[in-house]
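Colleague: I would like to look closely at a single part of this model and then see what surrounds it. Please keep the terms plain and give each one its cut-off.

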Amino acid sequence: MKHTQLGEFEELVLLIVGSLHDNAYSISIKNELKEKTKRNPSIGALHSALNRLEKKGFISSHEGGATAERGGRRKRFYQITAFGRKALDQVYELRSSLYQTLPNVSYAGE
Amino acid sequence: MQGNDHSKHPPRWPDKFLGWFCHEEHLEILRGDVYELYAERIAEHRKWKANLLFYLDIIGLCRPFVFKQKSQTPNTIAMFKNYLKVTYRNFVNQKVYSGLNAIGLAIGLACTILICIYINDELSFDKFHSKSDRIYRVVEKFESEGVGEHSASLPFPTGPALKNDFERQVEGVVRFFNFQSPTLALANKVADKGFNEPNIFFADSTFFNVFDFELIAGDKQSALAEPNSVLITRSMAKKYFTDEDPMGKTLEFQGNHHLLVTGVLEDTPKNAHFKFDFIVSFSSLKKNYGGGYPTTWYWNPCWTYIVLEENTGKEEFEAQLEPFVLKYFPDFIKEDIELQLQPIEDIHLHSKLDYEITGNSDIKNVYIFGLVAIFVLIIASINFINLSTARANKRAKEVGVRKSLGSAKSQLISQFIFESIVLTFVSLILAIAIVALVLPAFNQLTEKAVPLSILLEPAFFFGLIGAGLGIGLLAGFYPAFVLSSFKTILVLKNSHLKTSGLNFRRVLVTSQFAISIMLIIGTFIVLNQLNYLQNKDAGFSDEDVVMIPVLQSPMGQHYENFKNTALQSTHIHSLTAVEEIVGAKSQVGNYKFEGMEQSKPFPRFNVRHDFTSTMNIPLVAGRAYDQSIQTDDSLALIVNETLVKSMNWSIDEAVGKRFEYRGEMKGQIVGVVKDYNFASKHHPIAPLVLTLNTRPGAFNLFIKYVAVKIDGTQVQNALSDLEQAWVSVLPQRPFDFFFLDDRLNDSYKSEQKLSSVTLIFSILAILVACLGLFGLATFSLEQRTKEIGVRKVLGISTAQIMVLLSKEFMFLIAVAFIISIPLAYYSLNEWLNGFAFRIGIEVWPFIVAGLITFIISMLTVSYHAYRASSINPANTLKYE
């Protein structure tokens with residue numbers, strides 16, 4: 001199952017694509033990432049991640065929504081696929097089940 | 001910033017680059033993305049920052065999945081990875097040589113980048129106006145038989161008459177005027193701040209129709225429309241009003257004229273050929289001239305700029321100026337007058353007229369700097385080639401192994417070229433770091449304000465990348481061929497190869513040193529010429545002379561009073577008043593001497609009594625102006641020797657010759673002074689007329705400075721006595737002065753700049769050349785360790801080893817020296833011929849340059865020779 005593994009950055013991007021619903025395209029994803037995680041990936045890095053996610057079948061895309069500031073060029077919108085959703089669920093389950101096993105000790109003095 | 005649409009557009013080149021490498025499939029989306037990002041950023045950041053981020057975005061998009069060709073098989077990529085690894089290992093393995101190599105090239109590149117920045121800035125002068133290709137300055141050539149003036153300024157009525165007569169061809173005219181005064185007084189009475197300002201101009205209200213200077217506050221249409229309006233620059237607003245809003249405030253001009261601030265200008269860009277701090281509306285002048293403008297066509301104090309209509313050519317327009325001159329100029333001078341157009345973009349580098357607003361630069365210096373940049377780059381590249389080739393021998397085994405494993409020649413060549421390009425780019429990055437470090441100092445030296453971000457301009461950015469690729473290719477080419485042509489069996493059998501390509505390398509080293517020696521000789525001669533210009537006896541004494549600007553001040557009424565008060569001090573020897581800075585420039589007047597049919601323009605200098613004694617100018621015949629002879633003021637003239645010679649008189653004949661001035665005043669020559677340099681030593685000494693002018697009104701136009709000879713050992717006391725005398729007659733005016741010799745040295749600023757730049761760069765050039773020599777010596781030593789070992793066993797002395805090892809290099813330097821002599825002599829002689837007063841080329845700069853090169857390279861090589869002689873031969877001989 002090596003190919004369906006999600007990298008940390010990929011996971012974030014996939015989550016954001018899901019949460020943005022119909023308005024998930026590169027710039028909006030970039031802005032959302034910046035707002036939520038305080039990191040500011042280059043447009044190249046973001047496209048690279050989106051490209052990988054699409055290849056792995058986690059997201060699908062269509063074109064549309066040209067605007068003036070883009071010089072009349074179209075955007076590529078992304079949607080999360082059922083397969084992508086399943087992958088996120090798996091990751092979430094894995095995480096939360098592991099989290100439950102943490103002993104309930106308070107780390108005071110931190 | 002003009003043209004809003006354009007300024008919102010991202011830089012063109014990276015955009016094209018994206019189109020070049022990006023696959024069709026992704027192009028539309030990606031381009032849309034970067035455009036959108038750019039639009040967002042330009043709204044909140046400065047333009048350069050948005051541009052920078054745009055570049056970074058595009059570079060960040062260089063990812064395998066967007067590339068056009070998918071033909072790059074994993075195999076070739078792996079191969080390049082391997083090349084990179086080998087390059088890295090090689091670099092680390094031979095740290096010293098690779099380091100020398102990279103640093104040498106980095107220094108060379110840094111020099112070149114700096115000089116390119118300088119040249120780029122010099123060429124950018126006055127190009128920031130949107131109409132700059134149609135703006136011309138009209139200039140006046142007023143000469144008869146080579147004597148007269150070539151003036152940058154024109155009579156008052158010329159501008160309006162041009163507009164009136166050629167309405168269809170002239171789009172706009174603007175005149176500048178400053179009373180021909182070095183400084184004018186301004187004051188903010190409310191804050192009690194007053195200064196003498198050097199950069200005040202009166203300008204027509206059409207100022208903004210012609211030029212694109214930025215107005216921060218106020219309205220371009222109306223700012224200069226009313227009399228008594230003034231525009232001030234941002235820094236002057238700070239100086240006079242600190243943090244207050246200057247709009248609507250009042251400044252007092254010359255103590256009697258109130259000016260209303262109607263606008264704030266951005267400071268003059270550093271690449272404009274003149275600098276202003278204040279622009280006063282032209283109509284304010286009417287008050288000074290009885291309600292109108294001066295109507296004379298003789299006096300020419302107005303710098304006049306015109307914009308031609310788009311379809312009007314320069315030659316076409318100039319052709320109409322001859323009838324124009326005949327129509328307007330007075331009869332007695334119109335034959336001697338020619339009006340010409342000077343493109344504004346050419347003024348900074350090509351114009352050397354009389355009465356320039358400020359001194360200009362010289363295109364010659366741009367050429368010289370360019371040549372120096374090329375020289376330094378050649379030296380550095382030669383180093384690079386030399387060291388790479390020399391290192392090649394170390395790689396012989398690697399080549400042998402690669403070949404026997406089936407590497408094709410072309411693959412080896414591309415490997416070595418790849419290595420060389422990688423190393424070049426490492427040097428390039430180092431060079432940019434060096435430039436970033438020294439740019440502030442360089443800006444100070446050259447009086448510019450170029451930001452580092454200039455390197456992001458497309459021309460520079462791609463120029464740098466191109467240069468990196470070019471040098472890498474060129475430098476890698478030769479070693480690549482040498483290396484790839486090694487015979488496989490031979491290199492695998494013998495651990496050492498005979499040094500190949502030595503002859504080629506000899507040629508390179510020789511040319512490197514020839515260039516270094518030429519640069520050193522050049523530096524000596526430039527320094528010497530500068531020294532000569534500044535220190536050669538100019539025929540008058542400029543030491544301990546204090547100049548006080550007095551034009552347009554009430555000094556006229558108080559001159560005698562001031563003179564008497566000042567001369568009571570024992571520290572003040574003598575005092576006079578003059579028209580211009582002595583030794584810098586003169587004005588022109590029309591005189592008709594005995595034997596002439598018609599009056600001719602002669603350089604003329606208005607003075608007061610005691611001029612010749614204050615300036616220490618000897619008289620060769622006749623007498624100086626005498627206080628006790630009343631008629632001296634109008635009926636007497638003093639001339640110089642050259643004038644006497646040009647009239648074909650003998651010195652003794654000259655005294656008593658008659659002259660006519662303005663066809664009415666008829667007088668006699670009463671004295672002849674020895675020739676002195678009344679203009680800078682760029683010009684030969686021309687005929688000169690010294691005329692006495694004692695009218696108090698002369699201080700409005702003809703007398704600009706009081707010149708005072710003081711006791712050089714008591715400067716402080718003399719100055720405070722002078723100030724006291726000043727305050728006693730003009731208590732309300734600020735006391736300002738400068739020393740004559742300091743100001744005269746400024747006339748040679750362009751030569752000073754040239755000499756400091758050549759000095760710095762020739763030191764760097766020889767440094768880089770020595771780095772190369774050091775590297776080469778190391779290799780030649782390594783190849784001969786065994787030989788030296790054997791010789792030592794047989795009893796060679798240290799001195800003999802020195803001779804053995806340095807012999808070859810010394811020979812090369814000797815050849816370089818011989819080659820450089822005629823080249824240096826010829827080019828420097830050409831340069832010196834541009835000066836009216838020049839030094840002869842002596843032998844010593846050549847000998848000293850040769851010796852310096854010889855000694856420095858001797859030191860470099862002998863370090864190795866010494867090391868070689870101290871190696872125990874047992875160590876070098878045991879591996880057999």
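How far apart do the C-alpha centres of domain 1 of chain B and domain 4 of chain B lie?

Modeller: The C-alpha centres of domain 1 and domain 4 of chain B lie 49 Å apart. This is a predicted model, in which local features need pLDDT of at least 70 and side-chain atom pairs count only at pLDDT 80 or more, while totals for chains, interfaces and linings use all residues. Residues are numbered from 1 along each chain as its sequence is written, and chains are lettered from A and ligands numbered from 1 in the order in which they are written.

The pLDDT, the predictor's confidence in each residue from 0 to 100, averages 86 over chain B, and 97% of the residues score at least 70. Residues 1-6 of chain B fall below 50, and beyond near neighbours in sequence this stretch has three contacts in the model. Two residues are in contact if their C-beta atoms, placed from the backbone, lie within 7 Å. For the complex, the predictor gives an ipTM of 0.85 and a pTM of 0.74.

Now the strand itself. Strands (E, at least two residues) and helices (H or I, at least four) are DSSP runs, numbered from the N terminus.

β1(B) has several partners; two strands pair if DSSP finds at least two bridges between them. With β13 (residues 337-343) of chain B, β1(B) forms seven bridges in the antiparallel sense, and B:Y136 has B:P343 as its bridge partner there. With β12 (residues 303-308) of chain B, the pairing is antiparallel over four bridges, including one between B:V138 and B:T304. With β2 (residues 147-151) of chain B there are five bridges, again antiparallel. In that pair B:S144 stands opposite B:V147. β1(B) and β2(B) form a hairpin with two residues between the strands, where B:E145 takes a positive phi near 50°.

The next step is the wider chain. Domain bounds come from an automatic or database domain assignment; in chain B, domain 3 covers 135-318 + 325-330 + 338-357. Another spot to look at is B:Q169, in the loop between α7 (158-165) and β3 (170-177) of chain B. Why does B:Q169 count as partly exposed? It does so because 17 other C-beta atoms lie within 10 Å. Leaving out residues up to four places away in sequence, B:Q169 touches B:L308, B:E309, B:T312 and B:F317. B:Q169 and B:E310 are 141 residues apart in sequence, yet 8.4 Å apart in space, C-alpha to C-alpha.

Contacts across the sequence can also be counted for the whole chain. Among contacts in chain B with a separation of 6 or more, 82% are between residues 24 or more positions apart. Chain B has 31 helices and 24 strands, and 40% of its 880 residues count as buried. Its C-alpha atoms fill a box of roughly 105 × 75 × 55 Å along the principal axes.

In soluble globular proteins, nonpolar side chains tend to be buried together. A nonpolar core is a set of buried Ala, Val, Leu, Ile, Met, Phe, Trp, Tyr and Cys residues joined through C-beta atoms within 7 Å. The largest one here has 89 residues, with B:A110, B:V376 and B:I379 among those that have the most contacts inside it. Domain 2 and domain 4 of chain B each give this core at least three residues. A second, separate core of 66 residues includes B:L575 and B:V673.

In it, 16 residues are in contact with 16 residues of chain B. On the side of chain A that touches chain B, α3(A) gives the most, with six residues. β2(A) is mostly covered, with five of its six residues buried. Six bridges join β2(A) to β1 (residues 59-64) of chain A, and the two run antiparallel.

Conventions. A residue is buried if 20 or more other C-beta atoms lie within 10 Å of its own, exposed if 12 or fewer, and partly exposed in between; C-beta atoms are placed from the backbone.
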